[in-house]
Amino acid sequence: MDLEAGVVVPLLGWIASGLAAMALTPRNRTAQALLMAGVLLVASWLCEGASSVSGSLTASGAVLRVMTDVLFLGALASVVAVLSTYPDGRFDPPWTRSVTQVLGSLAFLAPAAQLVGSRELLVGGDPTTAEPNPLVVDALAQVGTVGSAIVASEPAWLVLGFGILGWRFAHSSDARRHELLLPLAGAGLLTALLIAIVVSSVAETAVDISVPLFLLALALFPVVLLFGISRQSRQLAEDLTASRARLAAAEDKARRSIERDLHDGVQQQLMAMLSLTELADRQLQRDPALAHVTLAQVRNQVRDTIEDLRELVSGIRPPVLADSGVAAALESRLARLPDGVEVDADAARDVRWPAGIEAAGYFVACEGITNALKHAPGARVRVTLFGDASQLIVEVSDDGPGIDELSNGSGLAGLRDRVDSWGGTFEVHAIAPRGTLIRARLPVGQIR
Amino acid sequence: MSTLRVIIAEDNYLVREGVRRLLDDGEDVEVVADAASAPELILRVREHRPDAVLTDIRMPPDQGMDGIEAAVHLRQELRSIGVVVLSQHADAAYARALFRHGTTGLAYLLKERVGDRDELVRALSTVASGGSVVDPRIVDALLSAQQHRVSSPLQSLTPREHDVLREMAAGRTNPAIARELLVSESAVSKHISSIFAKLQLVEDPSVDRRVRAVLAYVTGATPDQPSTP
């Protein structure tokens, strides 16, 4: 089998999968990294072809050889990024972002160190291609040694990527494990084939079967990733449609309740006052003292109506939220709640977020408190608000019996939708020794 | 009693006219001008130099806390003018915003007090002479907001001391508090000493300065220097 042709197939697999993933989910970081990996692999391969000419190296030839390594290591760093963010584009766990950034920097720095510090330059790590480096600076020999060592550690980068995938699998929820299973199996297959190739080349047997199989698996691996990314984007679209429908239904319900409160409450009270003023007018002729009593009734009813209206407006959207922020609005709300509810909002007192974020945070806190008081009557409830200009975090914890079975209850589902619509995250945890913690993180500028 | 010269600021024509007619209906108050927005209020005040101002909290241009900003501005520009802010909001945050630089010559009343002429006139003459008035509902809100905070010295007060503190902040004298809570005057004095000790405030027999100290405490404002009106 022609190995050159065998290389083209996996390259095509990576490029095509990357392009398809980008077309499906252009803003998904996994798709971006997949395409980046494909492009860098192809570029590295072309660069390698151009730099493989034998004979003494010119300066530009040396740069080409080093470029080959830069591009290839960059592709490996992209693969690590893919495996760290698959399938939804979030670095999970967050430290993998730093790992990827370090690898990305090394991909550039290590070959650059070789360019100035190594006496000889290779193509693709093949010792038979070694040629003297015309750009070497003798004083930098140690830098060159370190650079060479890092470049030679290429296979370890891939192992690191697979290791991250395995770590994520081991530390994930069942749902996430289900998503990671396929790429993990692919990575396992690739590793097994790679070991087979190494073993058989050492034993000098059957190389001709293992290598094409490995190349085929290498070509199929990005296709597996593409499959996962597309499934993720479909799932996202379905979730969005469903949550939009729930939000619309919730809004409709809220409108109906406002309409009922206005019509059955305030409007009826006004009617009653209308007839009372008419009555007072008639009484004025024959018994002014009685008219005085009736007018006092009217005044009391007006006060009650004003109070009802104030409560109604606060329920729709408290004015204090827009005027003074989420911490102040929450304190006002608490004034009408039992003493067992306490708030720690000092960290949020002087920060203002966009109005929608503050409203979402406020309603998460209020609904969270309501939920806790409903399911854990008499429990101590604590609301914590904090964050910075980039995000608002709301936590509601109680020391009640726990709400495991309620984590899908409609109250919390409504909150999850609301937080989701701002691109935030919503979590429900059991806390030791007893109690429940809900946490909403509302990022600024991430609206979906 | 001399006539109190007052300016009214309110953007709703019906409410403005209603309050103007109500206040003008007596020898003790003369409404010298009215205004429909915060900037207009400041112009009218400079023009007429009234004894006191009665302003709505929510007015043009921002329809937010313009009344409060105007009140704070007026108190800084013309120290002798008292300002009564009328608000639809029974929220602690607004009172805290109004009293952020001190409480002298300022009052925060809920807007439904426009139905009670005596109370309005009392508040206007109190602020005109450098005193402070806070609606009892707002005192409740302020105390409650403090109480729900994770660590507030108010939590160390007994329920009875809370009752006394609320009456105190609303400007009641010791005998009035005793009547309201159905306890003896000496019991009230004991409660007050205990409250001031727990909140680390300096005890002061003058009702007005006591109100200011308590308000400064619950709003987080810096206490006023004793002023000479």
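A salt bridge, as the term is used here, is a side-chain nitrogen of Lys or Arg within 4 Å of a carboxyl oxygen of Asp or Glu. Good morning, colleagues. The model before you is a predicted one, and between its chain B and chain A there are three salt bridges. In one of them, A:Arg310 is joined to B:Glu112, with the closest N and O atoms 2.7 Å apart.

Let me stay with this interface. Chain B and chain A each bring 24 residues to the contact. About 1900 Å² is buried between the two chains, and carbon and sulfur atoms give 45% of that area. Which residues of chain B lose the most area to chain A? They are B:Glu112, B:His148 and B:Val150, which together account for 35% of what that side buries.

Eight residue pairs are in polar contact between chain B and chain A. On the chain B side, helix H4 (92–98) and helix H6 (136–147) each supply at least two of the residues that touch chain A. That side divides into eight nonpolar, nine polar and seven charged residues.

I turn now to a sheet in chain A. Five strands form an open sheet with mixed pairing, in the order S3-S4-S5-S7-S6. Strands S3 (341–344) and S6 (425–430) of chain A have a single partner strand each, so one side of each is left without a neighbour in the sheet. On average, neighbouring strands of this sheet are turned by 15° against each other, direction ignored.

Helix H12 (residues 355–375) of chain A packs on the sheet, touching S3, S4, S5 and S7 of chain A. The direction of H12 makes about 5° with that of S5(A).

Finally, S6(A) and S7(A) run antiparallel and are joined by six bridges; A:Ala430 stands opposite A:Thr436 in S7(A).

Definitions and conventions:
Residues are numbered from 1 along each chain as its sequence is written. Chains are lettered from A and ligands numbered from 1 in the order in which they are written. This is a predicted model: local features need pLDDT of at least 70, side-chain atom pairs count only at pLDDT 80 or more; totals for chains, interfaces and linings use all residues. Side-chain values use heavy atoms; hydrogens and water are left out. Two strands pair if DSSP finds at least two bridges between them. Helices (H or I, at least four residues) and strands (E, at least two) are DSSP runs, numbered from the N terminus. Axes are lines fitted to C-alpha atoms, for helices over the stretch in contact, and angles run from 0 to 180 degrees between N-to-C directions. Contact means heavy atoms within 4.5 Å. Buried area is the accessible area (1.4 Å probe) that two parts lose on being put together, summed over both. A polar contact is a pair of N or O atoms within 3.5 Å; within protein, one must be able to donate a hydrogen and the other to accept it, and residues adjacent in sequence count only if both atoms are side-chain atoms. Ala, Val, Leu, Ile, Met, Phe, Trp, Tyr, Cys and Pro count as nonpolar, Asp, Glu, Lys and Arg as charged, and the others, Gly among them, as polar.
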